[in-house]
Amino acid sequence: MKKIEAYIRPEQLEDVKEALKSMNVNGISVTQIMGSGCQRGYREFIRGTEVDYNFLKKIKIELVVPDSRLEEILSKIIETAKTGKIGDGKIFISEISDAIRIRTGERGELTVR
């Protein structure tokens, strides 16, 4: 099993959710976060004073998927979240050694379907 952590633009969230739903991917977690990468933030003038916003709003999507579906899910996330502009985000993938469904005690890939 693999854990996917995708950091995307907030305005892309609904499209990514719909794309994952169309692939019968369930069990995602979504968190609103602030971050800084190549985009570096922006400057604004508030009441005549310049203010630097070093962190921009982003969305973090987390999901655990079977190894056999990893590439197709990654491709769909990239295809859906990509605008071609700096700040589109990043995806991190890590290995998951086990998963347990608390309600039933099921273990392994049965819990991520």
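The largest pocket of this predicted model holds about 310 Å³ of space. Here a pocket is an open set of points on a 1 Å grid over the protein atoms alone, where a 1.4 Å probe fits and protein lies on both sides within 12 Å along at least five of seven lines. Its volume is the space filled by probe spheres set on the points. Fifteen is the number to look for in the lining: of these 15 residues, Ser36, Gly37, Lys58, Gly89 and Lys90 are the closest to the pocket's centre. A lining residue has an atom within 4 Å of a point. Strand 1 (2–8), strand 2 (29–35), strand 5 (56–65) and strand 6 (89–95) each give two or more residues to this lining. Strands are DSSP runs of E with at least two residues, helices are runs of H or I with at least four, and both are numbered from the N terminus. By class, six lining residues are nonpolar, six polar and three charged.

A word on the model: residues are numbered from 1 along each chain as its sequence is written. Because the model is predicted, local features need pLDDT of at least 70 and side-chain atom pairs 80 or more, while totals for chains, interfaces and linings use all residues; side-chain values use heavy atoms, leaving out hydrogens and water.

Now for the rings. There is one aromatic pair, with pairing defined as ring centres within 6.5 Å (planes under 30 degrees apart are stacked, over 60 edge-to-face, the rest tilted). Tyr7 and Phe92 form this edge-to-face pair, at 5.8 Å centre to centre and 85° between the planes. Tyr7 belongs to strand 1 and Phe92 to strand 6, so the pair ties together parts 85 residues apart in sequence.

How open are some of the residues? Buried means under 20% relative accessible area, exposed over 50%, and partly exposed in between, using a 1.4 Å probe and protein chains only.

| Residue | Relative accessible area | Class |
|---|---|---|
| Tyr7 | 23% | partly exposed |
| Phe92 | 44% | partly exposed |
| Asn24 | 61% | exposed |

Helix 1 (residues 13–22) has Leu13, Val16, Ala19 and Leu20 as its buried residues. They cover an arc of only 130° around the axis (taken from the directions to the C-beta atoms), which puts them on the same side of helix 1. These buried residues pack against strand 1, strand 2, strand 5 and helix 2 (70–81), where contact means heavy atoms within 4.5 Å. The face turned away from the buried side carries the exposed residues Lys21 and Ser22.

Asn24 sits in the loop between helix 1 and strand 2. Although Asn24 is not a glycine, it has a positive phi of about 60°.

Technical notes
Ala, Val, Leu, Ile, Met, Phe, Trp, Tyr, Cys and Pro count as nonpolar, Asp, Glu, Lys and Arg as charged, and the others, Gly among them, as polar. Rings of Phe, Tyr and Trp (its six-membered ring) pair if their centres lie within 6.5 Å; planes under 30 degrees apart count as stacked, over 60 as edge-to-face and the rest as tilted.
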